[in-house]
Amino acid sequence: MLKRLYNAMIVARQASAAAKTLPYLTDSDLEEMGFGRDTFVEGIKAIVEAELDAADAEKALAAPVNPNLVGAV
């Protein structure tokens, strides 16, 4: 629960930073990044969410295994 709240705070802050950065970017800059003015903030949010989900999944797969219990099942 706390992890989801923390991740939501990170995504919201990134979206805010992207919205504040948008006026300083030219259309050619945005085109190089693969975004348009209307998709920049949502695209950044999607990237950050994907990175956080990948990090969470990586940590879940790297669960510690007790060597004394390997093969006990």
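## How two helices meet

At roughly what angle do the axes of helix H1 and helix H3 cross, and within what distance do they come? In this predicted model, the axes of H1, which covers residues 2-21, and of H3, which covers residues 40-61, come within 9 Å and cross at roughly 150 degrees. Because angles over 145 degrees count as roughly antiparallel, H1 is described as roughly antiparallel to H3. The crossing of these helices, H1 and H3, is right-handed.

The contact is made on the H1 side by Lys-3, Asn-7, Ile-10, Val-11, Gln-14, Ala-15, Ala-18 and Ala-19, and on the H3 side by Phe-40, Val-41, Ile-44, Lys-45, Val-48, Glu-49, Leu-52, Asp-56 and Lys-59. When these residues are sorted by class, the contact of H1 with H3 has 10 nonpolar, 2 polar and 5 charged residues.

## The nonpolar core

The largest nonpolar core has 10 residues in all, namely Val-11, Ala-18, Leu-22, Leu-25, Leu-30, Phe-35, Phe-40, Ile-44, Val-48 and Leu-52. The elements that give two or more residues to this core are H1 and H3, and H3 gives the most, with 4 residues.

Val-11, found in helix H1, has a relative accessible area of 9%, and because values under 20% count as buried, Val-11 is buried. If residues up to four places away in sequence are not counted, Val-11 touches Lys-45, Val-48, Glu-49 and Leu-52. Val-11 and Ile-47 are 36 residues apart in sequence, while their C-alpha atoms are 9.4 Å apart in space.

Asn-7 is also found in helix H1, and at 12% relative accessibility Asn-7 counts as buried. Leaving aside its neighbours within four places in sequence, Asn-7 is in contact with Leu-52 and Asp-56, both of which belong to the H3 side of the helix contact.

Thr-26 and Ala-55 are 29 residues apart in sequence and, from C-alpha to C-alpha, 32 Å apart in space.

Notes
Residues numbered from 1 in each chain as written. Predicted model: local features only at pLDDT ≥ 70, side-chain atom pairs only at ≥ 80, totals over all residues. Heavy atoms only, no water. Axes fitted to C-alpha atoms, helices over the stretch in contact; angles between N-to-C directions. Parallel < 35°, antiparallel > 145°, perpendicular 65-115°, else oblique. Left-handed = near helix turned anticlockwise from the far one by under 90°. Contact = heavy atoms within 4.5 Å. Nonpolar A, V, L, I, M, F, W, Y, C, P; charged D, E, K, R; others polar. Buried < 20%, exposed > 50% of the residue type's maximum accessible area, 1.4 Å probe, protein only. Core = buried A, V, L, I, M, F, W, Y, C linked by side-chain atoms within 4.5 Å.
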